[in-house]
Amino acid sequence: TDLPNNSVNESGSTGEEIDFTDNEFLIHGFEDITSTGSFTTTDGNTMNGLSSTQAKGNQILSGHTLIGNNVDSVSFDIQCSGSCSGTLSAGVWNSAGSTPTAHTFGTLDVSTLTGSSVTYTFDTGSYTINTNDVIGLSCPSCSGTVQYAMEIGTDNDSNENFVESVSSYGSWSGNTSHDFDYDATWANTVNTLPDKSTNSISIQN
C-alpha cells in the first residue's frame, strides 16, 4: 500500500512524497545477532573429593572473562572412588547453599559414575555471570566418594579462586593456590539494526 501524499514542500504546497519502497530498515527491521565464546581452566591433574556437606567451585572475581557473558553450558571431569549414590548438582551460586542458588545447569545420578574420569556437560538454560558468583558442584547427602578434577598448588587464573562452603553449606572459604577445573561456553544475543549498504530513502517530486 502506497503511503499517502501528505508531505509539504518548502513553498507550502503539497506534491512531494517519500518513497520507502527500497528501504531496508522497513523491509528487514531489527535482527538478532549472536556472539559465542568459551573459557577453560582444565590444567588440573588431581581428583579431589566432593563432600556431601559442601559445595565447591571457583569464585569469579573482577576482570574475569565470563563476567557479563550469558553462559549456556559448563563441563567438569568427574568420577567415583568406590560406590557412589545420590544426586550431584552443577551450577552457579551467588550465596552458599546445598544446591545452586543462582542457576542450575543440570544434575547427575552419581551411581552411574565409574572409577575413570569422564567429562560431563550440563547445559540446561543459561545465566549471565556476575562478579563473585561461584561456578561449581555440590552433592548433598551423597554417599561414596565423588571426585572432580582440580589443580592443587597452582593458581591458573588470577581472576578466579577456588572456594568451598564451610560445613553444612555455610559461608565460602577460599584458597588462592588452587583452581577448580571446568569449561564454560556462552552465547550473547543482541537485537540490533543490521548494516545494510542498500539502505535508501528517495524523494520524488
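## Close-up views of a predicted model

**View 1. Because the torsion about the S-S bond of Cys-139 and Cys-142 is about -65°, their disulfide is left-handed.** The structure shown is a predicted model, in which local features need pLDDT of at least 70 and side-chain atom pairs count only at pLDDT 80 or more, whereas totals for chains, interfaces and linings use all residues. Residues are numbered from 1 along each chain as its sequence is written, and side-chain values use heavy atoms, with hydrogens and water left out. A disulfide is a covalent bond between the sulfur atoms of two cysteines, and here the term is applied to a pair of cysteine sulfur atoms within 2.5 Å. The sulfur atoms of Cys-139 and Cys-142 are 1.8 Å apart. Cys-139 has a relative accessible area of 0% and is therefore buried, a word that stands for under 20% relative accessible area, while exposed stands for over 50% and partly exposed for values in between (1.4 Å probe, protein chains only). Cys-142 is also buried, with a relative accessible area of 10%.

**View 2. A second disulfide joins Cys-80 to Cys-84.** Here the sulfur atoms are 2.0 Å apart, and the torsion about the S-S bond of Cys-80 and Cys-84 is about 95°, which means that this disulfide is right-handed. Both Cys-80 and Cys-84 are buried.

**View 3. Six strands form an open sheet with antiparallel pairing.** Strands (E, at least two residues), like helices (H or I, at least four residues), are DSSP runs numbered from the N terminus, and two strands pair if DSSP finds at least two bridges between them. The order across the sheet is β7-β6-β10-β4-β12-β13. At its edges are β7 (103–109) and β13 (172–175), each of which pairs on one side only. From one strand to the next the twist averages 20°, where axes are lines fitted to C-alpha atoms (for helices, over the stretch in contact) and angles run from 0 to 180 degrees between N-to-C directions.

View 4. Side chains of opposite charge can pair when their charged atoms come close. A salt bridge is a side-chain nitrogen of Lys or Arg within 4 Å of a carboxyl oxygen of Asp or Glu, and the count by this rule comes to one. Glu-164 forms this salt bridge with Lys-56, the closest N and O atoms being 3.5 Å apart. Glu-164 is partly exposed at 24% relative accessibility, whereas Lys-56 is buried at 7%.

**View 5. Asn-132 and Ser-141 have positive phi values although neither is a glycine.** Asn-132, with a phi of about 80°, lies in the loop between β9 (127–128) and β10 (134–138). Its relative accessibility is 44%, so Asn-132 counts as partly exposed. Ser-141, with a phi near 65°, lies in the loop between β10 and β11 (143–151), and Ser-141 is exposed because its relative accessible area is 70%.
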